[in-house]
Amino acid sequence: MMVGYVAYLIIAVAVIIFLAAAIRILREYERGVVFTLGRFTGVKGPGLIILVPFVQQIVRVDLRVVVQDVPPQDVISRDNVSVKVNAVLYFRIVDAERAIIQVEDFMAATNQLAQTTLRSVLGKHELDEMLAERDKLNSDIQEILDQRTDAWGIKVSNVEIKHVDLNESMIRAIAKQAEAERLRRAKVINADGEQQAAAKLVEAGRMLATEPQAMQLRYFEALHDIAGERSSTVVFPLPVELLGQFMKAQGK
């Protein structure tokens with residue numbers, strides 16, 4: 001009788017061990033790459049998966065978007081400026097079979113490829129382009145990475161350059177360049193203002209020349225402005241022609 005109970009207990013334990021080894025539950029964002037005696041036999045999931053213990057093995061693959069930080073890279077730009085650049089990489093697995101079979105470690109492989117691509121792409125551009133055209137550079141890097149990782153079943157959705165670190169001497173040089181540019185713009189704006197003012201003065205002179213009475217009205221307005229400032233100065237207009245005749249008389 002005791003032997004029978006022991007036998008039933010052994011059978012129950014064996015069944016429990018068998019079920020524990022055979023049953024797998026995969027979440028909605030997971031897929032299982034199944035190998036039977038070492039050969040690929042399919043991708044399963046999500047939900048309940050039943051395997052043959054010791055004959056089949058399963059490798060879990062997460063299909064969610066992975067956010068990976070690309071370490072700072074020393075980059076020499078096309079105009080021979082040394083900078084440190086780091087970025088953020090967003091990618092996900094779209095083909096679990098290729099991600100497991102075609103590459104040993106898709107996480108490490110994608111990270112190393114992102115580092116080399118970052119240095120290669122940025123090295124073809126000048127420093128001003130790195131600072132002003134980040135969207136274009138992000139798009140170029142993302143497109144190259146997406147093409148190269150397609151064989152691994154990986155989709156690179158986005159690449160964002162985070163920081164472009166410069167040394168102190170380069171920062172001072174850029175500040176001087178920006179200051180010089182602002183001074184240039186100020187001088188150009190001032191010159192444009194002088195040119196416009198001169199054009200308006202010429203136009204006003206022509207109008208006053210056609211209407212002599214207008215000059216007298218301007219004279220009265222000037223006297224009114226001077227009187228309003230509580231000044232004892234009185235200005236009398238003197239025609240230039242009168243001065244010319246006076247100078248001729250003195251010469252004689």
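Ser 77 lies in the loop that joins strand E6 (66-76) to strand E7 (82-93), where helices (H or I, at least four residues) and strands (E, at least two) are DSSP runs numbered from the N terminus. The model is a predicted one, in which local features need pLDDT of at least 70 and side-chain atom pairs count only at pLDDT 80 or more, whereas totals for chains, interfaces and linings use all residues. Residues are numbered from 1 along each chain as its sequence is written, and side-chain values use heavy atoms, with hydrogens and water left out.

With a relative accessible area of 3%, Ser 77 is buried (buried, under 20% relative accessible area; exposed, over 50%; partly exposed, in between; 1.4 Å probe, protein chains only). Not counting residues up to four places away in sequence, Ser 77 touches Leu 122, Gly 123, His 125, Glu 126, Leu 127 and Met 130, contact being defined as heavy atoms within 4.5 Å. Ile 76, by contrast, is placed in strand E6 and is exposed, with a relative accessible area of 56%. Leaving aside neighbours within four places in sequence, Ile 76 is in contact with Val 81 and Gly 123, and the C-alpha atoms of Ile 76 and Arg 119, 43 residues apart along the chain, are separated by 8.2 Å.

Helix H3 (residues 106-122) comprises 17 residues and reaches 24 Å from its first C-alpha to its last, close to the 24 Å expected at 1.5 Å a residue, the expected span being 1.5 Å times one less than the number of residues. Buried residues of H3 include Phe 106, Leu 113, Leu 118, Val 121 and Leu 122, and the elements that cover the buried residues of this helix include E6, E7, helix H2 (96-101), helix H4 (127-132), helix H5 (134-149) and strand E8 (154-165).

A nonpolar surface patch of about 1,100 Å² is formed by Tyr 5, Tyr 8, Ile 11, Val 15, Phe 18, Leu 19, Ile 23, Ile 25, Leu 48 and Ile 50. Patches are made of residues with over 30% relative accessible area and no salt bridge, like charges being joined within 9 Å and nonpolar side chains (Val, Leu, Ile, Met, Phe, Trp, Tyr) within 5 Å; accessible areas come from the Shrake-Rupley method with a 1.4 Å probe, and for residues only the protein chains shown count as cover. A salt bridge is a side-chain nitrogen of Lys or Arg within 4 Å of a carboxyl oxygen of Asp or Glu. Helix H1 (2-22) gives the most to the patch, with six residues. Leu 48, found in strand E4, counts as exposed at 57% relative accessibility.
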